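Let's take a walk through this model together, one spot at a time. Keep the sequence and the 3D view side by side as you read.

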Amino acid sequence: MGIKSDRWIRDMAETHGMIEPFEPNQVRSLGGRSIISYGTSSYGYDVRCSDEFKIFTNINSAIVDPKNFDESSFVDVRQAVCIIPPNSFALARTVEYFRIPRDVLVICLGKSTYARCGIIVNVTPLEPEWEGHVTLEFSNTTPLPAKIYANEGVAQMLFIGADDICETSYRDRGGKYQGQRGVTLPKA
């Protein structure tokens, strides 16, 4: 078992559609302005956040219940920058759509640019044969409002190759988040 390199990531994206849209190199600026980088790195792929956000709100005094989630707990916004209130969180999705091979597990880690500002990115592992847009969870751990920039890098995906093919993949067991598009809320 080992981590996959930039060569493997490029090959899988370009010949097998593992990541769409795909950027084969690191992008650090757009139109002459500096951005938080995205694209292929030495041993990973830095994903971008789309401009679709669901910002947590407590205006309805709902109880957060993962088995019976109240959609009114979020305010939907579509914009280039998302402001997350202090000590709160927001959901977003990747620009990229993923198709994970059967012999690979993907781990997501937040980028240090955000982590150093107290903004934590959480994503559960992308299991073998899962596909879809990745729903991103951003936690603002600070007492101040925090910005998330759409269409810029927010997290790095690490591709880990298995020693053996799994007996049952995410697709085989009919996972409830298979093929998700857009920002996807919890499903019981």
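Glu 137 touches Ala 90, Leu 91, Ile 120, Val 121, Asn 122 and Val 123, leaving out residues up to four places away in sequence; contact here means heavy atoms within 4.5 Å. Before going further, know that this is a predicted model, where local features need pLDDT of at least 70, side-chain atom pairs count only at pLDDT 80 or more, and totals for chains, interfaces and linings use all residues. Residues are numbered from 1 along each chain as its sequence is written, and side-chain values use heavy atoms, with hydrogens and water left out.

Back to Glu 137, which sits in strand β12 (residues 131-140). Strands are DSSP runs of E, at least two residues long, numbered from the N terminus. An unreviewed UniProt entry annotates Glu 137 as "active site", though such annotations may be inferred rather than shown by experiment. The cut-offs are under 20% relative accessible area for buried and over 50% for exposed, with partly exposed in between (1.4 Å probe, protein chains only).

Glu 137 also turns up in the largest pocket, where Thr 124, Thr 135, Glu 137, Tyr 177 and Gln 180 are the ones nearest the centre among 22 lining residues. On a 1 Å grid over the protein atoms alone, a pocket is an open set of points where a 1.4 Å probe fits, with protein on both sides within 12 Å along at least five of seven lines; lining residues have an atom within 4 Å of a point. The volume is about 470 Å³, taken as the space filled by probe spheres set on the points. Strand β12 gives the largest share of the lining, 3 residues. By class, the lining has 15 nonpolar, 5 polar and 2 charged residues.

Now for the inside. The largest nonpolar core has 39 residues, and Phe 98, Phe 138, Ile 148 and Phe 159 touch the most other members. Such a core is a set of buried Ala, Val, Leu, Ile, Met, Phe, Trp, Tyr and Cys residues joined through side-chain atoms within 4.5 Å. Take Ile 148: beyond four places in sequence, its contacts include Cys 49, Phe 53, Tyr 114, Phe 138 and Val 154.

Next, look at Leu 158 in strand β14 (residues 153-161). With 16% relative accessibility, Leu 158 counts as buried. Among its contacts beyond four places in sequence are Ile 3, Tyr 43, Leu 105 and Ile 107. Ile 107 belongs to strand β10 (residues 104-110) and is partly exposed, at 27%. Although Ile 107 and Phe 159 are 52 residues apart along the chain, their C-alpha atoms are separated by 6.7 Å.

Most residues other than glycine have a negative phi, and most peptide bonds are trans. Here, a cis peptide bond joins Glu 20 and Pro 21, with omega about -10 degrees. Asn 87, not a glycine, has a positive phi of about 50 degrees; Asn 87 is exposed, at 58% relative accessibility. Glu 129, also not a glycine, has a positive phi of about 65 degrees, but Glu 129 is buried, at 17%. You'll find Glu 129 in the loop between β11 (119-122) and β12.

Terms used: Helices (H or I, at least four residues) and strands (E, at least two) are DSSP runs, numbered from the N terminus. Ala, Val, Leu, Ile, Met, Phe, Trp, Tyr, Cys and Pro count as nonpolar, Asp, Glu, Lys and Arg as charged, and the others, Gly among them, as polar.
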